[in-house]
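User: I'd like to go through this structure with you, starting with its surface and then moving on to the rest. Could you take me through it?

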Amino acid sequence: LGMMLFAIETQVEANSSKQYQAESLLFNAEVYGLYTPNIVLFPCAFLVSFVSAFTEEVFFRGFVMGSIGVSGFDPIIAQSTALLISSLLFGFMHAPIPGANIIFEMITGVFYGLSFLFSGFNLVVPIVIHTIYDVLIAIRDHKRVMTQINPDEVVITDMAFHGNYPWEKKQSGFIGILQNVFEQMDLDGDGKISESEFRIAMRVFRVSPSPGSEATVFQEMDKDHDGQIEFDEFVSYVSDAIKIAVESARSASLT
(Lines give C-alpha, C1' and ligand atoms only; values in the text may rest on other atoms or scores of the structure.)
Protein backbone atom coordinates (compact mmCIF):
# COMPACT_ATOMS: atom_id res chain seq x y z
CA LEU A 1 0.00 0.00 0.00
CA GLY A 2 2.85 2.39 0.81
CA MET A 3 4.46 1.78 -2.60
CA MET A 4 1.09 2.05 -4.33
CA LEU A 5 0.47 5.43 -2.70
CA PHE A 6 3.94 6.50 -3.80
CA ALA A 7 3.16 5.54 -7.42
CA ILE A 8 -0.15 7.41 -7.31
CA GLU A 9 1.47 10.51 -5.78
CA THR A 10 4.17 10.48 -8.46
CA GLN A 11 1.48 10.63 -11.14
CA VAL A 12 -0.42 13.36 -9.30
CA GLU A 13 2.74 15.41 -8.93
CA ALA A 14 3.66 14.95 -12.60
CA ASN A 15 0.33 16.48 -13.58
CA SER A 16 0.28 19.17 -10.90
CA SER A 17 1.29 22.80 -11.14
CA LYS A 18 4.94 23.69 -11.65
CA GLN A 19 4.87 25.76 -8.47
CA TYR A 20 3.71 22.68 -6.54
CA GLN A 21 6.64 20.66 -7.90
CA ALA A 22 9.19 23.36 -7.08
CA GLU A 23 7.79 23.77 -3.55
CA SER A 24 8.06 20.01 -2.96
CA LEU A 25 11.72 20.02 -3.96
CA LEU A 26 12.46 23.07 -1.85
CA PHE A 27 10.80 21.53 1.20
CA ASN A 28 12.85 18.37 0.78
CA ALA A 29 16.07 20.36 0.34
CA GLU A 30 15.43 22.34 3.51
CA VAL A 31 14.59 19.24 5.59
CA TYR A 32 17.36 16.88 4.46
CA GLY A 33 19.96 19.25 3.06
CA LEU A 34 21.54 19.13 -0.37
CA TYR A 35 24.85 17.38 0.21
CA THR A 36 23.64 14.54 2.39
CA PRO A 37 25.21 11.24 1.20
CA ASN A 38 22.87 8.28 0.76
CA ILE A 39 24.38 6.45 3.73
CA VAL A 40 23.17 9.34 5.91
CA LEU A 41 20.04 10.28 3.92
CA PHE A 42 18.37 6.86 4.21
CA PRO A 43 18.44 6.58 8.03
CA CYS A 44 17.57 10.28 8.39
CA ALA A 45 14.62 9.92 6.01
CA PHE A 46 13.48 6.81 7.88
CA LEU A 47 13.75 8.50 11.28
CA VAL A 48 11.91 11.67 10.19
CA SER A 49 9.27 9.64 8.36
CA PHE A 50 8.74 7.24 11.24
CA VAL A 51 8.36 10.01 13.84
CA SER A 52 5.96 11.89 11.56
CA ALA A 53 3.97 8.75 10.72
CA PHE A 54 3.82 7.60 14.34
CA THR A 55 2.62 10.99 15.61
CA GLU A 56 0.03 11.47 12.89
CA GLU A 57 -1.34 7.93 12.99
CA VAL A 58 -1.66 7.94 16.77
CA PHE A 59 -3.77 11.09 16.51
CA PHE A 60 -5.79 10.64 13.30
CA ARG A 61 -6.30 6.90 13.39
CA GLY A 62 -5.71 5.96 17.01
CA PHE A 63 -7.51 8.87 18.67
CA VAL A 64 -9.98 10.27 16.10
CA MET A 65 -10.98 7.03 14.40
CA GLY A 66 -10.64 5.00 17.58
CA SER A 67 -12.95 7.33 19.49
CA ILE A 68 -15.66 7.67 16.83
CA GLY A 69 -15.39 4.16 15.36
CA VAL A 70 -16.27 2.41 18.62
CA SER A 71 -19.11 4.77 19.57
CA GLY A 72 -22.59 3.48 20.33
CA PHE A 73 -23.84 3.91 16.76
CA ASP A 74 -24.21 1.19 14.17
CA PRO A 75 -20.64 -0.13 13.55
CA ILE A 76 -20.73 0.54 9.79
CA ILE A 77 -22.02 4.09 10.25
CA ALA A 78 -19.62 4.79 13.10
CA GLN A 79 -16.58 3.50 11.23
CA SER A 80 -17.53 5.27 7.99
CA THR A 81 -18.00 8.52 9.88
CA ALA A 82 -14.67 8.04 11.64
CA LEU A 83 -12.93 7.39 8.32
CA LEU A 84 -14.47 10.50 6.72
CA ILE A 85 -13.72 12.86 9.60
CA SER A 86 -10.16 11.64 10.12
CA SER A 87 -9.40 11.86 6.39
CA LEU A 88 -10.78 15.41 6.11
CA LEU A 89 -8.78 16.52 9.14
CA PHE A 90 -5.69 14.81 7.75
CA GLY A 91 -6.00 16.69 4.46
CA PHE A 92 -6.68 20.12 5.95
CA MET A 93 -3.92 19.87 8.56
CA HIS A 94 -1.38 19.06 5.80
CA ALA A 95 -2.43 22.06 3.70
CA PRO A 96 0.22 24.45 5.17
CA ILE A 97 3.07 22.11 4.20
CA PRO A 98 4.88 23.40 1.07
CA GLY A 99 3.97 21.35 -1.96
CA ALA A 100 1.05 19.60 -0.23
CA ASN A 101 -2.02 18.78 -2.31
CA ILE A 102 -4.99 18.86 0.06
CA ILE A 103 -7.15 16.53 -2.07
CA PHE A 104 -4.42 13.93 -2.38
CA GLU A 105 -3.67 14.22 1.34
CA MET A 106 -7.32 13.40 2.04
CA ILE A 107 -7.06 10.39 -0.25
CA THR A 108 -3.95 9.14 1.57
CA GLY A 109 -5.87 9.64 4.80
CA VAL A 110 -8.57 7.31 3.44
CA PHE A 111 -5.92 4.68 2.59
CA TYR A 112 -4.40 4.87 6.05
CA GLY A 113 -7.84 4.75 7.63
CA LEU A 114 -8.92 1.71 5.62
CA SER A 115 -5.73 -0.11 6.55
CA PHE A 116 -6.50 0.69 10.18
CA LEU A 117 -10.07 -0.63 9.90
CA PHE A 118 -9.29 -3.79 7.91
CA SER A 119 -6.44 -4.68 10.26
CA GLY A 120 -8.86 -4.72 13.18
CA PHE A 121 -7.79 -1.33 14.57
CA ASN A 122 -4.13 -2.35 14.55
CA LEU A 123 -2.25 0.96 14.63
CA VAL A 124 1.03 -0.64 13.52
CA VAL A 125 -0.31 -1.19 10.00
CA PRO A 126 -0.99 2.46 9.02
CA ILE A 127 2.24 3.54 10.75
CA VAL A 128 4.29 1.14 8.61
CA ILE A 129 2.48 2.12 5.39
CA HIS A 130 2.80 5.83 6.20
CA THR A 131 6.51 5.47 6.98
CA ILE A 132 7.28 3.58 3.77
CA TYR A 133 5.41 6.18 1.70
CA ASP A 134 7.18 9.16 3.31
CA VAL A 135 10.62 7.54 2.96
CA LEU A 136 10.07 6.90 -0.74
CA ILE A 137 8.92 10.49 -1.31
CA ALA A 138 11.91 11.89 0.57
CA ILE A 139 14.45 9.84 -1.40
CA ARG A 140 12.77 10.58 -4.73
CA ASP A 141 12.64 14.35 -4.22
CA HIS A 142 16.19 14.49 -2.90
CA LYS A 143 17.43 12.65 -5.99
CA ARG A 144 15.44 14.93 -8.26
CA VAL A 145 16.75 18.19 -6.90
CA MET A 146 20.37 16.98 -6.90
CA THR A 147 20.05 15.53 -10.41
CA GLN A 148 18.32 18.58 -11.85
CA ILE A 149 21.02 20.94 -10.58
CA ASN A 150 24.60 19.69 -10.80
CA PRO A 151 26.75 21.76 -8.44
CA ASP A 152 30.03 20.45 -9.82
CA GLU A 153 29.52 20.91 -13.53
CA VAL A 154 27.54 23.55 -15.40
CA VAL A 155 25.85 21.15 -17.79
CA ILE A 156 22.33 20.01 -18.53
CA THR A 157 21.67 16.73 -16.78
CA ASP A 158 19.56 13.78 -17.90
CA MET A 159 16.74 14.84 -15.57
CA ALA A 160 16.47 18.35 -17.04
CA PHE A 161 12.93 19.23 -18.11
CA HIS A 162 12.10 20.27 -21.65
CA GLY A 163 11.99 23.99 -21.01
CA ASN A 164 10.26 26.86 -22.74
CA TYR A 165 13.37 28.94 -23.27
CA PRO A 166 13.85 32.11 -25.38
CA TRP A 167 16.56 30.53 -27.54
CA GLU A 168 16.44 27.97 -30.32
CA LYS A 169 19.92 26.57 -29.75
CA LYS A 170 22.71 26.79 -27.26
CA GLN A 171 25.37 29.41 -27.76
CA SER A 172 29.04 29.00 -27.00
CA GLY A 173 31.15 31.05 -24.64
CA PHE A 174 29.82 33.15 -21.78
CA ILE A 175 26.16 33.21 -22.89
CA GLY A 176 26.20 29.45 -23.38
CA ILE A 177 27.40 28.95 -19.81
CA LEU A 178 24.64 31.24 -18.55
CA GLN A 179 22.08 29.30 -20.61
CA ASN A 180 23.18 26.05 -18.94
CA VAL A 181 23.09 27.56 -15.45
CA PHE A 182 19.67 29.11 -16.09
CA GLU A 183 18.21 25.79 -17.27
CA GLN A 184 19.52 23.98 -14.22
CA MET A 185 18.04 26.59 -11.89
CA ASP A 186 14.69 26.42 -13.68
CA LEU A 187 13.44 23.22 -12.03
CA ASP A 188 10.03 23.14 -13.70
CA GLY A 189 11.28 24.13 -17.16
CA ASP A 190 8.87 27.03 -17.70
CA GLY A 191 11.61 29.38 -18.91
CA LYS A 192 11.61 31.43 -15.72
CA ILE A 193 13.14 31.11 -12.25
CA SER A 194 10.73 31.42 -9.34
CA GLU A 195 11.82 32.52 -5.88
CA SER A 196 11.63 28.96 -4.53
CA GLU A 197 13.77 27.69 -7.42
CA PHE A 198 16.23 30.51 -6.76
CA ARG A 199 16.49 29.52 -3.09
CA ILE A 200 17.21 25.89 -4.04
CA ALA A 201 19.91 26.98 -6.50
CA MET A 202 21.60 29.13 -3.87
CA ARG A 203 21.95 26.09 -1.64
CA VAL A 204 23.02 23.71 -4.40
CA PHE A 205 25.70 26.07 -5.70
CA ARG A 206 26.79 26.62 -2.10
CA VAL A 207 25.94 30.28 -2.03
CA SER A 208 24.52 30.74 1.45
CA PRO A 209 23.25 34.25 2.07
CA SER A 210 20.84 34.81 4.92
CA PRO A 211 17.12 34.29 4.14
CA GLY A 212 16.62 38.04 4.06
CA SER A 213 19.47 38.65 1.65
CA GLU A 214 18.24 35.83 -0.61
CA ALA A 215 14.99 37.73 -1.06
CA THR A 216 16.89 40.97 -1.66
CA VAL A 217 19.07 39.44 -4.37
CA PHE A 218 16.02 37.87 -6.03
CA GLN A 219 14.23 41.23 -6.10
CA GLU A 220 17.31 42.89 -7.60
CA MET A 221 17.42 40.29 -10.37
CA ASP A 222 13.66 40.51 -10.98
CA LYS A 223 13.81 43.92 -12.69
CA ASP A 224 10.17 43.95 -13.86
CA HIS A 225 8.93 42.77 -10.42
CA ASP A 226 6.69 40.02 -11.78
CA GLY A 227 7.93 37.45 -9.26
CA GLN A 228 9.97 35.55 -11.87
CA ILE A 229 13.51 35.93 -13.23
CA GLU A 230 13.62 35.84 -17.04
CA PHE A 231 16.80 34.97 -18.91
CA ASP A 232 17.53 38.55 -19.99
CA GLU A 233 17.23 39.67 -16.34
CA PHE A 234 19.53 36.84 -15.32
CA VAL A 235 22.17 37.79 -17.92
CA SER A 236 21.91 41.48 -17.00
CA TYR A 237 22.42 40.85 -13.29
CA VAL A 238 25.35 38.46 -13.75
CA SER A 239 27.01 40.81 -16.26
CA ASP A 240 26.66 43.76 -13.89
CA ALA A 241 28.02 41.69 -10.99
CA ILE A 242 31.07 40.70 -13.04
CA LYS A 243 31.70 44.32 -14.05
CA ILE A 244 31.52 45.43 -10.42
CA ALA A 245 33.89 42.64 -9.35
CA VAL A 246 36.38 43.54 -12.10
CA GLU A 247 36.28 47.24 -11.23
CA SER A 248 36.74 46.47 -7.53
CA ALA A 249 39.72 44.23 -8.27
CA ARG A 250 41.23 46.90 -10.50
CA SER A 251 40.79 49.59 -7.85
CA ALA A 252 42.32 47.32 -5.21
CA SER A 253 45.35 46.63 -7.40
CA LEU A 254 45.92 50.35 -7.96
CA THR A 255 45.90 51.04 -4.24
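This is a predicted model: local features need pLDDT of at least 70, side-chain atom pairs count only at pLDDT 80 or more; totals for chains, interfaces and linings use all residues.

User: Take Leu88, where does it lie? And how does Leu88 count by relative accessibility?

Analyst: Leu88 lies in helix 4, and with a relative accessibility of 34% Leu88 counts as partly exposed.

User: What about the overall fold, how many helices and strands are there?

Analyst: The chain has ten helices and zero strands, so read from the N terminus its elements run α-α-α-α-α-α-α-α-α-α, a helix being a DSSP run of at least four residues.

User: And how many of the residues count as buried?

Analyst: Of the 255 residues in the chain, 40% count as buried. The chain exposes about 13,600 Å², and carbon and sulfur atoms supply 66% of that area. As for contacts between residues at least 6 apart in sequence, 64% of them join residues at least 24 apart.

User: Let's switch to aromatics. How many aromatic pairs does the structure hold?

Analyst: The structure holds eleven aromatic pairs. One of them is Phe46 with Phe50, whose ring centres are 6.1 Å apart and whose planes are at 15°, so this pair is stacked.

User: Where do Phe46 and Phe50 lie?

Analyst: Both are in helix 3, which covers residues 38–69, and they sit four residues apart, about one turn of the helix. Phe46 counts as partly exposed at 47% relative accessibility, and Phe50 is also partly exposed, with a relative accessible area of 35%.

User: Which residues do ring pairs link into a cluster?

Analyst: Ring pairs link Phe59, Phe60, Phe63, Phe90 and Tyr112 into a cluster.

User: What sits over the ring of Phe90?

Analyst: The charged end of Arg61 sits over the Phe90 ring, 4.9 Å from the ring centre.

User: Staying with Arg61, which residue does Arg61 form a salt bridge with?

Analyst: Arg61 forms a salt bridge with Glu57, and the closest N and O atoms are 2.6 Å apart. The two residues are four apart in helix 3, which means that about one helical turn separates them.

User: Are Arg61 and Glu57 buried or exposed?

Analyst: Both Arg61 and Glu57 are buried.

User: How many salt bridges does a search of the whole structure find?

Analyst: The search finds three salt bridges. Another of them joins Arg140 and Asp141, with the closest N and O atoms 3.0 Å apart, and both Arg140 and Asp141 are buried.

User: Which side chain does that of Glu230 meet in a salt bridge?

Analyst: The side chain of Glu230 meets that of Lys192, at 3.8 Å from N to O. Glu230 lies in the loop between helix 9 and helix 10, while Lys192 lies in the loop between helix 7 (173–185) and helix 8 (195–204), so the pair ties together parts that are 38 residues apart in sequence.

User: How does each of the two count for accessibility, Glu230 and Lys192?

Analyst: Glu230 is buried, with a relative accessible area of 15%, whereas Lys192 counts as partly exposed at 32% relative accessibility.

User: And which residues does Glu230 touch?

Analyst: Leaving aside residues up to four places away in sequence, Glu230 touches Phe182, Lys192 and Asp224.

User: Last topic, backbone angles. Which residue has a positive phi of about 65°?

Analyst: That is Phe121, which has this positive phi although it is not a glycine. Phe121 is placed in the loop between helix 5 (102–118) and helix 6 (124–148), and Phe121 is partly exposed, with a relative accessible area of 30%.

User: What about His225, what is its phi?

Analyst: His225 has a positive phi of about 55°, although it is not a glycine. His225 is found in the loop between helix 9 and helix 10, and at 64% relative accessibility His225 counts as exposed.

Technical notes:
Residues are numbered from 1 along each chain as its sequence is written. Side-chain values use heavy atoms; hydrogens and water are left out. Rings of Phe, Tyr and Trp (its six-membered ring) pair if their centres lie within 6.5 Å; planes under 30 degrees apart count as stacked, over 60 as edge-to-face and the rest as tilted. Buried means under 20% relative accessible area, exposed over 50%, partly exposed in between (1.4 Å probe, protein chains only). A charge sits over a ring if NZ of Lys or CZ of Arg is within 6 Å of the ring centre and within 35 degrees of the ring normal. Contact means heavy atoms within 4.5 Å. Accessible areas come from the Shrake-Rupley method with a 1.4 Å probe; for residues, only the protein chains shown count as cover. A salt bridge is a side-chain nitrogen of Lys or Arg within 4 Å of a carboxyl oxygen of Asp or Glu.
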